[in-house]
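User: I would like to learn how to read helix packing and nonpolar cores in a model. Could you take me through them step by step?

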Amino acid sequence: MNQNRKHALFSGILMCLVFALAAGCSSAENGPDQAGDGGQAGPKPAIQRYTGEKSREIPFVYTAKKELSLTFNGMGDRETMYRLLDELDTYRIHATFFLPGMRVAEEPDIAAEILARGHEIENNTLNQLDLKNLDYEQIYKEIELSNEVIEKQTGVKPKYVRTKSGDYPADVPLIAAQLGMKGVVSYNINPRDRDMQDAKAIGDYVKRYIHRGGIISLNTDINPEVIPSIRYIAQAADEIGYRLIPLDELVEHGGIRKPLDEIPGYDAAQINPDYKDAQYRLIYQVDTPQKHVALTFDDWGSDKTVTRILDILAEGHVHATFFLRAKGVETNPNLARAMVEGGHDVANHSYSHPVVTSLTPAELQEDVVKAHQVITEAIQQQPVMLFRPPTGVVDDERAKAIAAIGYPDIALYDVTTLDWDSSNSADDIVNGVMEQAKPGSVILLHMLDDIHTIEALPRVIQGLKDKGYAFVKMADLIQEQNSKTTENK
């Protein structure tokens, strides 16, 4: 019998086995019931609902490293899969393939080739059914049988499961834990290739939303433009200095975020309606004899923009203070954590970026406390207790309301170049900083996209260094003044 016939026969037998298992035959894990009539196997016991801790749910990985994963769902036809693998080879990308068990049973050699090329295989369920329409036992079988087929055909036991759409009912994390799997994976970068976008549109989407710890989800069996999109995705990652690595490697490199109420300092800011006598300080600059300045950045931006700022600061050995718009942090907590791991301070710039005088004191307190909690959860530690009002506008009543919740130091600035306005060039920004800076200055810049701050920043840093200035974080600059005041008493 030739190899092709052997392969076809084996695949046919395996398919029959899969269908038999799916129909409810007993498995070694659960064991058959023994009937009294000569030892005939009875009905398979029902799968018992798992009552232990559910498996980890992974829409993204918590990490400050410049890494993310490219993942694929389904298994396209032979020609498509080999073309896709060749394209990934061209750009030296190792990806993660979530494969349906039935497709692995049909064409195990494709699964073997995926592994041989250095990629990772995980579980895309047996038939890619809509699990929301299935009961607990049916979902269990869809995942369990797919695991068994993949392991039998490839020697690899899947660690993660993903449904066809990425959405799943609440039973799936329980079942994954029951089967000893590490997690249920969805995604947080979805270029919507199902909408038949062209390759460049897919790549542009990834470029826009790329971030540390991200999980990109594409399909192998729907849109042929996925294959040429690999070039654009590779370029987007290379441009920002990110590595595309298999999912399990990304998870191993990452951490697990503590719940908010387990982080010390999460409650350092609390609503306090009794604010009328609260004391506050408006800090524009600091009285210091040393040639120290604080470089500060406001608001939020794309991963590409902020990462470039972090890279420039690292190249210049400069530590800064970032006042974060927490609504942005909510969408990309890893970027906030990267600031902390880079040695920078992170502080509060409100949640929704309102002009604070447009809010009632109660609304303002609610916004600032929410921002504190979002930032704390993102960076997994208490932020520096400085608050900067958006636009720098604050009145006495709002300042007292802010102080009463735990932020008595309201961080303003004495050097601003209106860099948030894209009509101000890099030269305008550099010249403005050089003309205004003095010992104890607090320099305001922004981390917004499509402005000229990134172009100006290396020149600002070098120009101030050439004038003999050293950079310190704003909290440290304030501490210098506090220490001097204590010494003079």
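User: In which handedness of crossing does helix 13 pass helix 14?

Analyst: This is a predicted model, in which local features need pLDDT of at least 70 and side-chain atom pairs count only at pLDDT 80 or more, while totals for chains, interfaces and linings use all residues. Residues are numbered from 1 along each chain as its sequence is written, and side-chain values use heavy atoms, with hydrogens and water left out. A crossing is left-handed if the near helix is turned anticlockwise from the far one by less than a right angle, and right-handed if clockwise; helix 13 passes helix 14 in a right-handed crossing. Helices here are DSSP runs (H or I, at least four residues), as are strands (E, at least two), numbered from the N terminus.

User: At what angle do helix 13 and helix 14 pack, and how far apart are their axes?

Analyst: Two packed helices are described by the angle between their axes and the distance between the axes. Axes are lines fitted to C-alpha atoms, for helices over the stretch in contact, and angles run from 0 to 180 degrees between N-to-C directions. Helix 13 (residues 361-379) packs against helix 14 (residues 396-404) at about 40°, with axes 9 Å apart. That makes helix 13 oblique to helix 14, since angles under 35 degrees count as roughly parallel, over 145 as roughly antiparallel, 65 to 115 as roughly perpendicular and the rest as oblique. The contact (heavy atoms within 4.5 Å) is made by P361, L364 and Q365 of helix 13 together with E397, R398, A401, I402 and A404 of helix 14.

User: What are the angle and axis distance for helix 10 and helix 16?

Analyst: Helix 10 (residues 303-315) and helix 16 (residues 453-466) pack at about 15°, with their axes 10 Å apart, and helix 10 is therefore roughly parallel to helix 16. Their crossing is right-handed, and the contact involves T305, R308, I309, I312 and L313 of helix 10 and I454, L457, P458 and I461 of helix 16.

User: Which residues touch the most other members in the largest nonpolar core?

Analyst: In soluble globular proteins, nonpolar side chains tend to be buried together. A nonpolar core is a set of buried Ala, Val, Leu, Ile, Met, Phe, Trp, Tyr and Cys residues joined through side-chain atoms within 4.5 Å, where buried means under 20% relative accessible area (1.4 Å probe, protein chains only). Of the 45 residues in the largest core, L295, F297, L313, F322, L324 and L464 touch the most other members. Beyond its neighbours within four places in sequence, F297 is in contact with residues including I309, L313, L445 and L457.

Key: Buried means under 20% relative accessible area, exposed over 50%, partly exposed in between (1.4 Å probe, protein chains only).
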